[in-house]
Amino acid sequence: MRKPIVGISLKLYQNEIDNARDFAHAIVEEVGNEKKIEQFMCPGMGVLYPVAMILKDSEIGLGAQNIAPESNGAYTGEFSIESLKDMKGSYAEIGHVERRTIFNETDEMINQKVRLALNYDVTPVLCIGEIMKTEDYQEIKDLMKKQLFLDLFQLEGQQTEKVILAYEPAWAVGQTCAASAVHVQRVHGLIRECIKELFDRKTAENIRIIYGGSVSQENVQLIVSDDNVDGVFVGRFGHKPTQYASIVDTVKRVKEG
């Protein structure tokens, strides 16, 4: 059985230390002792350390929203995985659509970051997905397979199993509505097929795939009701601790059932 996952990213919405600490405290109070659902939080870079201090005694893992492609060196303004490890961080969000489009990150750089994270025993949360909305599922599968081939290049199946794949179609990120549960479940199945074709059946069965893109209390139950969907990556609809906790509880209930 693959362990279900709920992650949350605060992007650049929560940048003051007191606010970030209050939020982290509230999340820990709500679901910080939950062991049946794997959880991670990716605060903004400016508040990473104070949040790390709050999460360290909970069951919620610390993640960074980005890492530099090298552990150290002449990378002005970047964030080192060495710092993340020093803060006891264990997740790194890599290849989010905003990193790909606004900051022009290439698949080659994303692959470099994935391999670096694995070398440091940090779990890469690799974001993949189509930019434009389409119902041509062969086109979507071809795109997913290309992204996965490039982003997971030079990895073996055993390493790949440690990656969390986050399906985040750009057209659903930050929107009023998520992609439909039918669409999410179908694409997750296609992604698992791609992993089987690129690696092997065992890797495809063991790798965990989560959905991100306007996940809310209202839609999460349907989204995670399929075996191919191992959890969700929450954004702004988790900015209230009680809403986030409700999403965690729903995923737990569905997956236990």
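This is a predicted model: local features need pLDDT of at least 70, side-chain atom pairs count only at pLDDT 80 or more; totals for chains, interfaces and linings use all residues.
**Entry 1: aromatic pairs.** I counted the ring pairs and got four. I then opened the pair of Phe40 and Tyr91, which is stacked. The centres lie 4.8 Å apart, with 20° between the planes. I looked up where the two rings sit in the chain. Phe40 belongs to strand β2 (residues 38–42) and Tyr91 to strand β4 (residues 91–94). The pair links distant parts of the chain, 51 residues apart.

Tyr91 comes to 7% and is buried because the cut-off is under 20%. I also noted that Phe40, Tyr91 and Phe233 form one aromatic cluster.

**Entry 2: Gly213.** Phe233 turned up again here. Gly213 is in contact with Phe233, and also with Ala172, Val173, Ala178 and Ala179, leaving aside neighbours within four places in sequence. I placed Gly213 in the loop between β7 (208–212) and α10 (220–223). Its relative accessibility is 6%, so I count Gly213 as buried. I checked Asn228 too, 15 residues away along the chain: the C-alpha atoms are separated by 17 Å.

**Entry 3: charges over rings.** I found the charged end of Arg99 over the ring of Phe103, 4.2 Å from the ring centre. Arg186 lies over the face of Tyr137, at 3.9 Å from the centre.

**Entry 4: surface patch.** Which residues make the nonpolar patch of about 270 Å²? I read off Phe149, Leu150 and Phe153. Phe149 lies in helix α6 (residues 137–151). At 44% relative accessible area, Phe149 is partly exposed.

Definitions and conventions
Residues are numbered from 1 along each chain as its sequence is written. Side-chain values use heavy atoms; hydrogens and water are left out. Patches are made of residues with over 30% relative accessible area and no salt bridge: like charges are joined within 9 Å, nonpolar side chains (Val, Leu, Ile, Met, Phe, Trp, Tyr) within 5 Å. Accessible areas come from the Shrake-Rupley method with a 1.4 Å probe; for residues, only the protein chains shown count as cover. A salt bridge is a side-chain nitrogen of Lys or Arg within 4 Å of a carboxyl oxygen of Asp or Glu. Helices (H or I, at least four residues) and strands (E, at least two) are DSSP runs, numbered from the N terminus. Buried means under 20% relative accessible area, exposed over 50%, partly exposed in between (1.4 Å probe, protein chains only). Contact means heavy atoms within 4.5 Å. Rings of Phe, Tyr and Trp (its six-membered ring) pair if their centres lie within 6.5 Å; planes under 30 degrees apart count as stacked, over 60 as edge-to-face and the rest as tilted. A charge sits over a ring if NZ of Lys or CZ of Arg is within 6 Å of the ring centre and within 35 degrees of the ring normal.
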